[in-house]
Amino acid sequence: MDNHLLRFQEKQFLFYDFETFNLNLHDSFNLPWQIAVKRVEVVNNDGKFFNKVLKVQEEDSKAESKDFYLEWDSPLKIGEEAKRITRYSERVFQSRKMPQEEVFKIIYPLIEECDYMVGHNILGFDIYLLRNWYRANGKSYSHLAKKSLDTFAVAKAVALDYKFNPLDCSFLEFQMKMINVRKRGIKTSLSALGKQNSIEHDYSRLHDAKVDIDLNHKVWDKLKYQIDL
């Protein structure tokens with residue numbers, strides 16, 4: 001068995017996803033209004049590896065995955081196109097919103113404790129929102145990219161048959177190369193990957209952060225056997 005491969009290592013993964021006001025990467029123009037997280041630990045039981053989903057603490061409640069609605073002290077508002085795509089409801093937001101600094105206190109230790117933060121296109125988008133959030137709460141963020149596992153980058157490597165060689169570059173460098181590869185006909189959206197891998201999921205509800213991370217978890221469980229990392 002190739003014990004050095006990631007799929008055979010006992011690691012803790014934190015799947016996460018933001019829904020945002022728009023697609024700008026600077027916090028002067030864009031902020032996240034929803035974040036979802038899911039903690040998964042890979043456990044070895046007599047040579048058989050399986051996922052153990054860990055609880056996400058929020059006050060007195062427990063859940064395998066959790067989403068939070070973020071309230072910011074900012075005049076920024078969600079755009080009309082983002083409302084349409086994410087099926088944003090102002091009524092739901094107002095009933096569930098929490099001050100962003102309170103949610104950060106819940107999310108911060110989960111990020112710090114995990115071995116890998118997993119998401120789809122996080123190195124191209126979400127990591128910048130996360131960096132801004134860390135900065136807003138006075139925390140150092142220089143280590144975040146190094147513990148990122150981007151399924152968008154991994155899916156491109158699989159589709160293009162690119163091999164990862166740790167002697168040539170770091171895993172972060174490999175992923176950055178992959179997210180910048182452009183080739184017509186390659187379908188690596190989360191929805192496309194789910195359908196390509198015959199994954200059962202409610203695809204009509206995608207673009208809700210909690211729904212997205214559940215699919216992302218299923219997609220990663222397929223991808224990790226299609227490439228040696």
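## Second largest pocket

Strand S6 (65-71) and helix H2 (90-96) each contribute at least two residues to the lining of the second largest pocket. H2 gives the most to this lining, with three residues. The structure described here is a predicted model.

The volume of the second largest pocket is about 250 Å³. It is lined by 14 residues, and those closest to its centre are Phe-21, Leu-76, Lys-77, Tyr-88 and Phe-93. By class, the lining of the second largest pocket comprises seven nonpolar, two polar and five charged residues.

## Largest pocket

The largest pocket holds about 670 Å³ of space. Its lining is made up of 25 residues, and Asp-17, Glu-19, Leu-23, His-207 and Asp-212 lie nearest the centre of the pocket. In the lining of the largest pocket, ten residues are nonpolar, ten are polar and five are charged.

Which element gives the most to the lining of the largest pocket? Strand S1 does, with five residues. The elements that supply two or more residues to the lining of the largest pocket are strand S1 (12-20), helix H1 (80-86), helix H4 (122-136), helix H7 (190-196) and helix H8 (209-223).

## Packing of H5 against H6

Helix H5 (residues 151-160) packs with helix H6 (residues 171-179) at an angle of about 75°, and the axes of the two helices are 8 Å apart. H5 is therefore roughly perpendicular to H6.

On the H5 side, the contact is formed by Phe-152, Ala-153, Val-154, Lys-156 and Ala-157; these residues meet Phe-171, Phe-174, Gln-175, Met-178 and Ile-179 in H6. The residues of the contact of H5 with H6 comprise eight nonpolar, one polar and one charged.

## Packing of H5 against H8

H5 also packs with H8: the axes of H5 and H8 come within 11 Å and cross at roughly 35°. The crossing in which H5 passes H8 is left-handed.

From H5, the residues Thr-151, Val-154, Ala-155 and Val-158 meet Asn-216, Trp-220 and Leu-223 in H8. The contact of H5 with H8 contains five nonpolar and two polar residues, and no charged residues. Val-154 of H5 takes part in the contact with H6 and in the contact with H8.

## Tyr-203 in the loop between H7 and H8

Where does Tyr-203 lie? Tyr-203 is in the loop between H7 and H8. Tyr-203 and Ser-191 are twelve residues apart along the chain, and their C-alpha atoms are separated by 6.9 Å.

When residues up to four places away in sequence are not counted, Tyr-203 touches Ser-191, Gly-194, Lys-195 and Leu-215.

Technical notes
Residues are numbered from 1 along each chain as its sequence is written. This is a predicted model: local features need pLDDT of at least 70, side-chain atom pairs count only at pLDDT 80 or more; totals for chains, interfaces and linings use all residues. Side-chain values use heavy atoms; hydrogens and water are left out. Axes are lines fitted to C-alpha atoms, for helices over the stretch in contact, and angles run from 0 to 180 degrees between N-to-C directions. Helices (H or I, at least four residues) and strands (E, at least two) are DSSP runs, numbered from the N terminus. Angles under 35 degrees count as roughly parallel, over 145 as roughly antiparallel, 65 to 115 as roughly perpendicular and the rest as oblique. Contact means heavy atoms within 4.5 Å. Ala, Val, Leu, Ile, Met, Phe, Trp, Tyr, Cys and Pro count as nonpolar, Asp, Glu, Lys and Arg as charged, and the others, Gly among them, as polar. On a 1 Å grid over the protein atoms alone, a cavity is a set of points where a 1.4 Å probe fits but cannot get out, and a pocket is an open set with protein on both sides within 12 Å along at least five of seven lines; lining residues have an atom within 4 Å of a point. Grid points are joined across faces, edges and corners, and a volume is the space filled by probe spheres set on the points. A crossing is left-handed if the near helix is turned anticlockwise from the far one by less than a right angle, and right-handed if clockwise.
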